[in-house]
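Let's take a friendly walk through this fold, from its secondary structure to its charged pairs. Have the viewer open as you read.

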Amino acid sequence: MRPGFKIGNFVFEKNIGSGSFASVWAASHVISKSQVAIKVIVKASISSAVAVTRLQREIALLKQMEHPFIAEFFQVIENDEYYFLVMEYVQNGNLLDYVNNNGRLSEDQARRYFGQLVSVLEYLHEEKKVAHRDLKCENVLLDKYNNIRLIDFGLSNIFTDDSPELSTA
């Protein structure tokens, strides 16, 4: 990927992150000029059955999430080499970078973020029966109002009230 790359109605602007299986780009919609984040996954990196299941599960989960503290999912696009997950662009980066750049959180900030995190986890566990399984500061983004947005459901799994145990660590 490079700045100026176009997929669907989106033009890539800059790389804003990368992980072991994907990179994330800030992009803009050609017509509306609105900003989005696009998670780019190399198809060759998901060759195992486990990886395919994980990606399918992540997309299915993202489609059903509707909570103010979860980054909004818009669509999935694919070509011969990549999957592109188009998501809400969250302006103020992740919580780890925030703390590294600004020092420790004040008690009020910590209380606010903790309350928001409890709210989103209650939604995931009670309403959606989803265990995120990758909670870390890098997966908690901050929007322009300094509210959290939880991201990265790649390791998530579902459970039921009758069978709340998960079989993998």
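Helices here are DSSP runs of H or I at least four residues long, numbered from the N terminus. With that in hand, please keep in mind that this is a predicted model.

Helix α2 spans residues 95–102, and Asn94 caps its N-terminal end. The cap is made by a side-chain oxygen of Asn94, which lies 3.0 Å from the backbone nitrogen of Leu96.

Six strands form an open sheet, and their order is β1-β2-β3-β4-β6-β5 with antiparallel pairing. The edges belong to β1 (6–7) and β5 (73–78); each has a single partner strand, so one side of each has no neighbour in the sheet. The partner of β5 is β6 (residues 82–88), joined to β5 by five bridges.

Is Ser28 buried or exposed? Its relative accessibility is 14%, so Ser28 counts as buried. The side chain of Ser28 makes a polar contact of 2.9 Å with the side chain of Glu13. Leaving aside residues up to four places away in sequence, Ser28 also touches others, including Phe10, Val11 and Lys33.

## Helix α1 across the sheet

Helix α1 lies across β4 (35–42), β5 and β6, and runs at about 25 degrees to β6. Ala60 sits in this helix, which covers residues 49–64. With a relative accessible area of 42%, Ala60 is partly exposed. The C-alpha atoms of Ala60 and Phe153 are 9.9 Å apart, although 93 residues separate the two along the chain.

## Salt bridges

How many salt bridges does the structure hold? There are eight. In one of them, the side chains of Lys43 and Glu78 meet at 2.6 Å, N to O. Lys43 is in the loop between β4 and α1 while Glu78 is in strand β5, so this pair ties together parts 35 residues apart in sequence. Lys43 is partly exposed, at 22% relative accessibility.

Arg149 and Asp143 also meet through their side chains, at 2.7 Å from N to O. Arg149 is buried at 12% relative accessible area, and Asp143 is buried at 5%. Elsewhere, salt bridges with shared partners link Lys39, Glu58 and Asp152 into one network. Lys136 and Asp134 form another salt bridge, with their closest N and O atoms 3.9 Å apart. Of these two, Lys136 is partly exposed at 39%, whereas Asp134 is buried at 16%.

Conventions. Residues numbered from 1 in each chain as written. Predicted model: local features only at pLDDT ≥ 70, side-chain atom pairs only at ≥ 80, totals over all residues. Heavy atoms only, no water. Polar contact = N/O pair within 3.5 Å; in protein donor to acceptor, adjacent residues only side chain to side chain. Helix = DSSP H or I, 4+ residues; strand = E, 2+ residues; numbered from the N terminus. Buried < 20%, exposed > 50% of the residue type's maximum accessible area, 1.4 Å probe, protein only. Pairing = 2+ DSSP bridges. Contact = heavy atoms within 4.5 Å. Axes fitted to C-alpha atoms, helices over the stretch in contact; angles between N-to-C directions. Salt bridge = Lys/Arg side-chain N within 4 Å of Asp/Glu carboxyl O.
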